[in-house]
Amino acid sequence: MSEHWEEPKEDDGLTLGPEETLQREIEKSKTLKVDRLRLRDEIEKLKAEKDNLAEKNQQLKERLEKLGNSGADPEKPDSFSRNILIFALVFSFLILLWFMTRG
């Protein structure tokens, strides 16, 4: 068995000892665990926000349906008031013409 053990090299080319290598791996593992926990918290917050938005969306859909069902009746008075406005405009124009022809 003539295999030669080569120790892992650091980024700057230095060879690390077994203790330093183990310490570095432990630090990487801790960092990854912290990142994983942070991401889990962020995912939970996003899920809660998504649920909240879905609930608001459902409420808005229900309000829109209620307004859509009751929205057919108010159109009749709106067209009636528009007809009255047109009639008043035409009537005013005719009165103005009458005053102009008399004067």
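Reader: How many helices and how many strands are there in the protein?

Author: The model is a predicted one, in which local features need pLDDT of at least 70, side-chain atom pairs count only at pLDDT 80 or more, and totals for chains, interfaces and linings use all residues. Residues are numbered from 1 along each chain as its sequence is written, and side-chain values use heavy atoms, with hydrogens and water left out. Helices (H or I, at least four residues) and strands (E, at least two) are taken as DSSP runs, numbered from the N terminus. On that basis the protein has two helices and zero strands.

Reader: What percentage of the 103 residues of the protein count as buried?

Author: Buried means under 20% relative accessible area, exposed means over 50%, and partly exposed lies in between (1.4 Å probe, protein chains only). Of the 103 residues, the part that counts as buried is 3%.

Reader: What share of the accessible surface belongs to carbon and sulfur atoms?

Author: Accessible areas come from the Shrake-Rupley method with a 1.4 Å probe, and for residues only the protein chains shown count as cover. The accessible surface of the protein comes to about 10,400 Å². The share of carbon and sulfur atoms in this surface is 60%.

Reader: What is the N to O distance in the salt bridge of Arg38 and Glu42?

Author: Arg38 and Glu42 are four residues apart in helix H1, so they are separated by about one helical turn. Arg38 is partly exposed at 44% relative accessible area, and Glu42 is partly exposed at 40%. Their side chains meet with an N to O distance of 3.7 Å.

Reader: Is the pair of Phe87 and Phe91 stacked or edge-to-face?

Author: Rings of Phe, Tyr and Trp (its six-membered ring) pair if their centres lie within 6.5 Å; planes under 30 degrees apart count as stacked, over 60 as edge-to-face and the rest as tilted. The structure holds two aromatic pairs. The ring centres of Phe87 and Phe91 are 6.1 Å apart and their planes are at 15 degrees, so this pair is stacked.

Reader: How many residues apart in helix H2 are Phe87 and Phe91, and what angle lies between the planes of Trp98 and Phe99?

Author: Phe87 and Phe91 are separated by about one helical turn, because they are four residues apart in helix H2. Trp98 and Phe99 form a tilted aromatic pair, 5.3 Å centre to centre, and the angle between their planes is 55 degrees.

Reader: What is the area of the nonpolar surface patch that includes Ile86?

Author: Patches are made of residues with over 30% relative accessible area and no salt bridge; like charges are joined within 9 Å, and nonpolar side chains (Val, Leu, Ile, Met, Phe, Trp, Tyr) within 5 Å. Ile86 is found in helix H2 (residues 75-102) and counts as partly exposed at 48% relative accessibility. Together with Val90, Phe93, Leu94, Leu96, Leu97 and Met100, Ile86 makes a nonpolar patch of about 700 Å².

Technical notes:
Salt bridge = Lys/Arg side-chain N within 4 Å of Asp/Glu carboxyl O.
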